[in-house]
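User: I would like to go through this model with you. Could you start with whatever background is needed?

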Amino acid sequence: MSSRYFHWKMNLCIILIILVFLVPFYIGYFIVSNIWLLHKQQLLFSCLLWLTFMYFFWKLGEPFPILSPKHGILSIEQLISRVGVIGVTLMALLSGFGAVNCPYTYMSYFLRNVTDTDIMALERRLLQTMDMIVSKKKRMAVARRTMFLKGEVHNKPSGFWEMIKSVTTSASGSENLMQIQQEVDSLEELSRQLFLETADLHATKERIEYSKTFKGKYFNFLGYFFSIYCVWKIFMATINIVFDRVGKTDPVTRGIEITVNYLGIQFDVKFWSQHISFILVGIIIVTSIRGLLITLTKFFYAISSSKSSNVIVLLLAQIMGMYFVSSVLLIRMSMPLEYRTIITEVLGELQFNFYHRWFDVIFLVSALSSMLFLYLAHKQAPEKHMAP
Amino acid sequence: MASLDRVKVLVLGDSGVGKSSLVHLLCQNQVLGNPSWTVGCSVDVRVHDYKEGTPEEKTFYIELWDVGGSVGSASSVKSTRAVFYNSVNGIILVHDLTNKKSSQNLSRWSVEALNRDMVPTGVLVTNGDYDREQFADNQIPLLVIGTKLDQIHETKRHEVLTRTAFLAEDFNAEEINLDCTNPRYLAAGSSNAVKLSRFFDKVIEKRYFLRDGNQMPGFPDRKRFLGGTFKSLHYD
């Protein structure tokens, strides 16, 4: 028993050290190394960055009622409470968004109807834009060539007096070029947007085709199932906040109690609740972390570049660590009463109720705002494609 | 400009190999100061004197279409990209000399582009594996360009250059190795500039001067029977 406790504590210490000391310092170092101005004193500036981070990290604890004053300043509770706040916020944001986005993605009810003609019309517009860009660039190339042959040098009018001079002198070549360049820039922006829209349409069309297959129908069904679960979660979060209560028993035990009472089946409640809740907790942790990793990987591919990939990987590691610590915090609510003491032992005396309340609030806010966001995005999209 | 005068050359390669820098260097003879990710496709135009120095010299405008993205993109992105592959007259395959994977991906890029082409060579490719023979009969001129030459250390240079020479041979194409941030690699009169000029001449020839004539001799009828049909979207 005591070795398990020791290992818990040790793992927790190591994770905290990594999350609070190592990774932020490393991130600061990489950010500084990207800014070539500060190459000389990389170490110094990364230490400064880390100190700034620590300052804000400490300040984070003040507005929240998370600590009782009897804890020392460098105790584990101080660190965990702050990491917990950040992690719980993150978890609630992601859960809220996931709870709304998941049914939206899975259910084919929301799929916009995309026909081949829509796609072809958009592609034609894209190619027409590209043709316009090409013709303008040809004019620019011709102008540049004639200027080169005539011996004019293409000068951008820099400085106040040169601009005044260029108004009167016959630098018509370069003026013309700048004007065409501006037109080209706006056309290129348009072509990018059209490209992204076309890719979006292709993706939607593929999803429509996929949803007609067996696998698609299966996921569609799961989507309905899941959406009921998500709606229930949102409902429960609202009730928790409105009626200001924190659950005393975990859902599994309560579920089993209800079934026993209503169906009259003889169950050894204690025995089964322990095992079922253990399995369920395991599934929840695994799926939520897996979901998080998948989302983060997609996000990573979308925004990474050769310069920033190091920083992004470290940021992801930081997020994962905080997520893990706070999921340990929150999982306490899903466990039967007698096992909650284990977590309380390890994590020290934190105000767990606060975390649950905080989670519910942020979850609700995130779910509502993502509903609003998705509604707006959904409404806006069909109108764009209807335009001639 | 009427689309009759169009000479279209695709510039393909993995993300980050330096296609945009290369296109900028080829078209504006300047080094690109702030390279950023290409979304979709960016086009630039190069003025090329066909058969320079001979009495038949004529000026053509070569459009360089720099298509962004990676071979592993989602199929929706690939279908969108396919729009740019129509009526292509030449392909420049760009790879990064410091990154072996980008060289290996070139075959997939060429397959993706050639599969969408309208030239009736009857190319039949399964599973994206490329068949060496198809490049031997390929009508579209290819050029292989390796970038970031300056980042290869002197000692490794020979090994890298041998590997790329084999690669270019596979494609039945010429190869150029350079550094896009240094215009001297394409200075007039250098062997690179000569190769580039020859490539563009070949593209223009195939487009304008061999079209009216008969089909190329030795056209493989066997491949024609095997040839599949493709969606050809005529945008001319």
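Analyst: One definition comes first: the expected span of a helix is 1.5 Å times one less than its number of residues. Please also note that this is a predicted model.

User: What span should helix α1 of chain A have, and how far apart are its end C-alpha atoms?

Analyst: Helix α1 of chain A covers residues 2-34, which is 33 residues, so at 1.5 Å a residue it should span 48 Å. Its end C-alpha atoms lie 47 Å apart, which agrees with that expectation.

User: Where does α1(A) bend, and by how much?

Analyst: The bend in α1(A) is at Ile18(A) and amounts to about 40 degrees.

User: Which residues of α1(A) are buried?

Analyst: The buried residues of α1(A) include Leu12(A), Leu16(A), Leu19(A), Val20(A) and Val23(A). Pro24(A), Ile27(A), Gly28(A), Phe30(A) and Val32(A) are also among them.

User: Moving on to the rest of chain A: how many helices and strands are there?

Analyst: Chain A has 12 helices and 0 strands. Of its 388 residues, 36% count as buried. Its accessible surface is about 24,300 Å², with 69% of that belonging to carbon and sulfur atoms.

User: And in chain A, what share of contacts with a separation of 6 or more comes from residues 24 or more positions apart?

Analyst: In chain A, such residues account for 77% of those contacts.

User: Now chain B. What pattern does it follow along the sequence?

Analyst: Chain B reads β-α-β-β-α-β-α-α-β-α-β-α-α, with 7 helices and 6 strands in total. Buried residues make up 48% of its 236 residues. The accessible surface of chain B comes to about 11,800 Å², and carbon and sulfur atoms hold 50% of it.

User: What is the area buried between the two chains?

Analyst: The area buried between chain A and chain B is about 2,500 Å², and carbon and sulfur atoms give 67% of it.

User: How many salt bridges are there between chain A and chain B, and which residue partners Lys138(A)?

Analyst: The count is 1 salt bridge between the chains. Lys138(A) pairs with Glu63(B), and the closest N and O atoms are 3.4 Å apart.

Terms used: Residues numbered from 1 in each chain as written. Chains lettered and ligands numbered in written order. Predicted model: local features only at pLDDT ≥ 70, side-chain atom pairs only at ≥ 80, totals over all residues. Heavy atoms only, no water. Helix = DSSP H or I, 4+ residues; strand = E, 2+ residues; numbered from the N terminus. Bend = angle between axes of the 7 residues up to and from the residue. Buried < 20%, exposed > 50% of the residue type's maximum accessible area, 1.4 Å probe, protein only. Areas by Shrake-Rupley, 256 points an atom, 1.4 Å probe, with all protein chains shown as cover. Buried area = accessible area lost by both parts, 1.4 Å probe. Salt bridge = Lys/Arg side-chain N within 4 Å of Asp/Glu carboxyl O. Contact = heavy atoms within 4.5 Å.
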